[in-house]
Amino acid sequence: MAKILVTGGAGYIGSHTVYLLLKNGFDVTVVDDLSRGHMHNVPLKRLRELRLQDTEALVDLCDTVKFDAVIHFAAYIAVGESTEQPELYFSNNVGGSLSLFTAMRETGVRRLVFSSSAAVYGTPKEVPVSEDAPIAPVSPYGESKAMVERMLRWLDEYSGLRSVSLRYFNACGAEPGSGLGEEHEPETHLLPLVLRAVLTGEPVTVFGDDYATPDGTCIRDYIHVSDLARAHILAVEKLLEGAPSDTLNVGTGRGYSVMEVLRAVEKVTGKKVPYKIGPRRAGDPPELVADPGRLKRTLGWEPEYTDLERIVATAWEFEQAKKENK
Ligand code: UFG
């Protein structure tokens, strides 16, 4: 079976992908510096704790294992933090990627799936957003992803590196029975914050209710993390078959407002969500929904979770289990 190097495999989306890769019989090695990821997310014998910027260590690892492909998640992901410390984001996300690509070149690894983001579109003019929409990030985080995508285009042309960049919309949920789930520190994402509000009674803040949307709150395309993980497996398989480089949105094509998320949580938990309305958060586009047509056509991908309440139920199960284990 193919040997896959997964960077950032101890993080939220990375660990779900590792789980699925192992289930599908791939030979997986995870590289993670554990600065944001969690050791408990990965089988210990699969984990190599090292920094992506350590090119020499990566070269050693790639020389020893002879990977067929890399799935590259390792990156910082907090949009707000990236505006406070842009240097950190360029150094970690762009510098780390460059170090990885250098090591891949030196050791002849020529296939890569890259974890990109809908953040490369900034505030899109048209929704649903297709891959041909202008690249116009509005944060250093989004810019860091756009820069790596651009780098990959040149490496495709001149270094023979074939890659698929997957532009994620809003990942959420958890794979039932896996023990994995969303555990960012600090947490900034809507669904875990709403679930915690239910558990603690502390109100969650809705960032703005005066947007030009039907209920005034922002609309996002919430995609279940296992559907997202599956897109990586399909992409890596396609690359291993010899497919050319590509860039693909990964979303469901259906948007839900913040208030709709709150209502779905109330239905699933049977409890009222304590919340208050706050000001808008800087940089939030009113509506961000994917056109996933290209992903469906190219990889034959379809989401298994099309219903928001089912997605919420998996995240709720994880939050409750976490609380019980504390
Ligand atoms: N929201 C709230 N209250 C909160 C947190 C979020 O109202 O406490 C709202 C946001 O304003 C937004 C929606 O819930 O409308 C979703 O917010 P998230 O922070 O969960 O996710 P984002 O859409 O901001 O971010 C996601 C990814 C980022 C990526 C971005 C692209 O998590 O990595 O999409 O725009 F950069």
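Strand β6 (residues 162-168) runs parallel to β11 and is joined to it by five bridges, where strands are DSSP runs of E with at least two residues, numbered from the N terminus, as helices are runs of H or I with at least four, and two strands count as paired if DSSP finds at least two bridges between them. Within this pair, R167 has N249 of β11 as its bridge partner. The model is a predicted one, in which local features need pLDDT of at least 70 and side-chain atom pairs count only at pLDDT 80 or more, while totals for chains, interfaces and linings use all residues. Residues are numbered from 1 along each chain as its sequence is written, and side-chain values use heavy atoms, with hydrogens and water left out.

The pair belongs to an open sheet of seven strands with parallel pairing, in the order β3-β2-β1-β4-β5-β6-β11. Its edges are β3 (47-49) and β11 (246-250), each of which pairs on one side only. From one strand to the next the twist averages 20°, taken between axes that are lines fitted to C-alpha atoms, with angles running from 0 to 180 degrees between N-to-C directions.

Another open sheet has three strands in the order β12-β9-β14, and its pairing is mixed. Here the edge strands, pairing on one side only, are β12 (256-257) and β14 (287-288). Strand β9 (residues 219-220) pairs with β12 in the antiparallel sense over two bridges, and I219 stands opposite S257 of β12.

The ligand is surrounded by 20 residues, the closest being H189, T205, R220, R281 and D284, where a residue is near if one of its heavy atoms lies within 4 Å. By class, this shell holds twelve nonpolar, five polar and three charged residues. Helix α6 (190-200) and strand β8 (204-207) each supply at least two residues of the shell, and the largest share, three residues, comes from β8. At least three residues come from each of domain 1 (3-169 + 224-250) and domain 2 (190-220 + 253-294 + 304-325), with bounds from an automatic or database domain assignment.

Notes
Ala, Val, Leu, Ile, Met, Phe, Trp, Tyr, Cys and Pro count as nonpolar, Asp, Glu, Lys and Arg as charged, and the others, Gly among them, as polar.
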